[in-house]
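Subject: Structure handover and findings

Hello,

Here is the structure I promised to pass on. Please have a look at it first; my notes follow below.

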Amino acid sequence: MTTPAVKKAPAEAKSSVIQPLLYKSVVTVYRVFAIVTLYVVLGGVLAYGFVMGFYALNTSWAAPVILSPVDDKSLDFTEKLVTSKQTLEELSVDKKRLEGSIDEMNRHRAALLALEPELHAAIIREKKHNQATGPQLLELDKQKQADNLKTQRVMAQVKEVETAIDKDLAAGLITKGDAATQRAALNQAESSYTDSKISEILLTDNVLEKTTVDTKSLNVLDKQAELISEIAQLDIAIGVAQKQVHEETQQIDRLKQALTTAKLSPYYLSVAGDSAVYFAFVPYDNQGHVSTGTTVYDCFLNMVACKKVGTVKQIFAGEEHATHPIFKTDIRGFLIQMQLDHPESAKSKTVFLNRKPLFF
Amino acid sequence: MAPVLVWLILLLCLLISIVKYTLALILKWSVPGAVVKKDYTYQPTVSVLMPCFNEGKTVYETIESISKSNYPNERFEVIAQDDCSVDDSYEWMLKARRDFTNIQVRVGRNTVNSGKARSVCNALQHSTAELVISIDSDCIFHPDAIRELAACFSEPKMGSVGGRVGVRNPNESTITAIQTFIYYAAFQIYKVPENWTRSVGCISGCLFAIRRELLLEIEPKIRSRHWFGIPVNQGEDRFLTHQTLLRGYGTYVNNDALCWTTVPATLPDLFKQQLRWRRSIVRDLFYTLRTLPQHVWTLHPNTVLTLVLTPLGALLGLLVVLTMLSGNPLEWAGPAPLMVYLSVAAVLSWVIRKYSAREAINNPLAFGAYLAWSLVSSLFITTLALCTMDSKDWGTRTKEQEATDDDASRQESAC
């Protein structure tokens, strides 16, 4: 059983003469377009594969990085820098203030220390004087008491004398003037006696002061203790202040060290640099090709027709993280500063260090 | 604007896929309406059309498997149509006719190499049955396949019914293992929501049952298919399914109607097969877009979405892969996607081993290679398909066979 060839469908048979030509033209155009497209795709795939392979094997590439003063890292760095400088200034001022205080306290302490021996000498001197004059006064006090006792006995006769004066006046033996004069003499004698008693009591007090420890002496001792305490307190305050100064000095040193290190950061150069500075990220895998003065090449299509565009000026120590320019994976590495003769190379996706990657 | 649109469409495709798969599982397990009510007493006469080109002894095995069908022998026949094979396929057909006398086997031969679609049409000329089942000549059929397919046609509006295609050589290579996963998931999950609305977008040509009257109605369109004057020989199964739907009939895949096909075992063969399929998908998309209003008014929304978004997703997958490769080329190679794929593989592998032991995969890890294959598929196959729409090459044939085929296609020479 053989099936005959199928006749063409009526629609096809009736198709106009123009339609086949039209179809042929469309198919021709399509085929040209398709061939071109496929070659482009093929070229693209090969190029893509080559680029992938190239960047998987190449170890001399670096990715230029343009650090803007307003990007997050730079802003963060600037903020920390300003804060550190401010802290450093505050610490310096505080340190100076503390040092001034210490000087003042030292002077005060020296003055107090100078006062202390004088006070001590005065106390000794007074003690010696008291020891010398105390017994003498005691003797005099005793004599005075004896004198007053005698005077008291004499004064007991004054009443009788007054009575005699009154009698003599009444008798007209004496005039009123004489009587008044005699009475004034008697009053003066009584007053002298009273003064003498007062003197005796004062003398007794004086003797007591010089022969026993009295409140005045205690006051002097209290003053002496206060002086010693004040000196001790000053010692403590000076010690604390000196320790604080020491710590602040250390902190200032550390901050200065940190600032010195920070000034070596690319972000500092980016923020503080007067002229344009160019950086590039170098993955650790490509570390072997980097040293100061190494030639930097920029290439067409990131791999061919390379030209020398500058040199490596500086290598920064800090670790940086970046995204691989081709594989888009996270990679670790460091930054370098480039001295570029062609600033536009800073905008290239990659540059090459030390040598041209494909030798042309 | 354009990238946003692309991403929106992709997102839509992804969402629809997720919804479809989730819905499929829900439908499969809990909605009886998702499965057609089969009437096994309905036993129409059946013609099994078997176009063949250079299959050798396989055609004999295929006819042998059909001859063992649990279907009344007097109610079905096999019409084998040789498409000018250059090997001994025709002789094997004749031998099968001699050996399997329990059924009627008719053997025909095209006068010129015409391709599968036209060979089916040629075979159709000899059929008088109510139902036609088009099969691939390299498949082995389950004895119940015809019975299962016929039982579904008890629904009056059922136009076409397909069977589930399993893989004969799941463990031949990593490539076949991947395809086993894909085939299984496609039939057991992806087509279930389409089954629910009786609107399967593409019934496999390996086992395709259709009402003869309907096929006769569509036949002129099959014969006249062309791409700017170049005859189209590929993707007749998708075309037939599409035409069935457009005529208001239902389409359905009966997973109890089983057949097993030998899938490509090497990357070049798989590439060629997928390229042929992708061309069909693209061609079908263009057809759908060209007649979109008709689709929207005629078809179930689920069908329109399937017909538009599935191929659109395949096309846009190219853009996704390009974006991915230019943006983050190693994204697909991370441990997370690999773990996801391997987890899916482990689950699928277990399911296949449990429910289809014949297709059990020895090395489930092979599914991990699907990741790489999907990249190749999205990047190259779509591009190549778009640029080779004028190709008549079937693809999965030997050099000698291709040369003969090319010659035949070019000159329509006699066998």
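I182(B) sits in helix α6 (residues 174-190) of chain B. Helices here are DSSP runs of H or I with at least four residues, strands are runs of E with at least two, and both are numbered from the N terminus. I182(B) is partly exposed, because 17 other C-beta atoms lie within 10 Å. The cut-offs: 20 or more other C-beta atoms within 10 Å of a residue's own means buried, 12 or fewer means exposed, and in between means partly exposed, with C-beta atoms placed from the backbone. I182(B) and F367(B) are 185 residues apart in sequence, yet their C-alpha atoms are 9.4 Å apart in space.

Before you go further, note that this is a predicted model, where local features need pLDDT of at least 70 and side-chain atom pairs count only at pLDDT 80 or more, while totals for chains, interfaces and linings use all residues. Residues are numbered from 1 along each chain as its sequence is written, and chains are lettered from A and ligands numbered from 1 in the order in which they are written.

Chain B overall

Chain B has 15 helices and ten strands. Of its 415 residues, 47% are buried. Take the contacts in chain B with a separation of 6 or more: 84% of them join residues 24 or more positions apart. A contact means two C-beta atoms, placed from the backbone, within 7 Å.

Strands β2 and β3 of chain B

β2(B) and β3(B) pair in the parallel sense, over six bridges. Pairing requires at least two bridges found by DSSP between the two strands. D82(B) stands opposite R109(B) in β3(B). Strand β3 covers residues 104-110 of chain B, and five of its seven residues are buried.

Two positive phi values

Most residues other than glycine have a negative phi. Two residues are worth checking against that. C84(B) has a phi near 60°, a positive value in a residue other than glycine. C84(B) lies in the loop between β2 (76-82) and α3 (89-99) of chain B. C84(B) is buried, because 21 other C-beta atoms lie within 10 Å.

R198(B) is not a glycine either, and its phi is positive at about 50°. Its place is the loop between α7 (192-196) and β7 (207-211) of chain B. R198(B) counts as buried, because it has 22 C-beta neighbours inside 10 Å.

Helix packing in chain B

Helix α4 (residues 116-124) and helix α8 (residues 212-223) of chain B pack at an angle of about 140°, with axes 10 Å apart. Axes are lines fitted to C-alpha atoms, for helices over the stretch in contact, and angles run from 0 to 180 degrees between N-to-C directions. α4(B) and α8(B) are therefore oblique to each other. For reference, under 35 degrees is roughly parallel, over 145 roughly antiparallel, 65 to 115 roughly perpendicular, and the rest oblique. The crossing of α4(B) with α8(B) is left-handed. Left-handed means that the near helix is turned anticlockwise from the far one by less than a right angle; clockwise is right-handed.

A117(B), R118(B), C121(B) and L124(B) of α4(B) meet L215(B), E219(B), I222(B) and R223(B) of α8(B). By class, the residues of this contact are five nonpolar, no polar and three charged. Nonpolar covers Ala, Val, Leu, Ile, Met, Phe, Trp, Tyr, Cys and Pro; charged covers Asp, Glu, Lys and Arg; the others, Gly among them, are polar.

Helix α10 (residues 267-290) and helix α14 (residues 369-387) of chain B cross at roughly 65°, and their axes come within 9 Å. This crossing of α10(B) and α14(B) is right-handed. The α10(B) side of the contact includes Q274(B) and V282(B), and the α14(B) side includes S377(B) and L386(B). The contact of α10(B) with α14(B) has six nonpolar, three polar and two charged residues.

Chain A

Chain A holds seven helices and seven strands. Of its 360 residues, 12% count as buried. A closed barrel of six strands runs β2-β3-β6-β5-β4-β7 in chain A, with antiparallel pairing. Neighbouring strands of this sheet are turned by 45° against each other on average, direction ignored. Strand β2 (residues 61-65) and strand β3 (residues 278-283) of chain A run antiparallel and are joined by three bridges. V65(A) has F279(A) in β3(A) as its bridge partner.

Best regards
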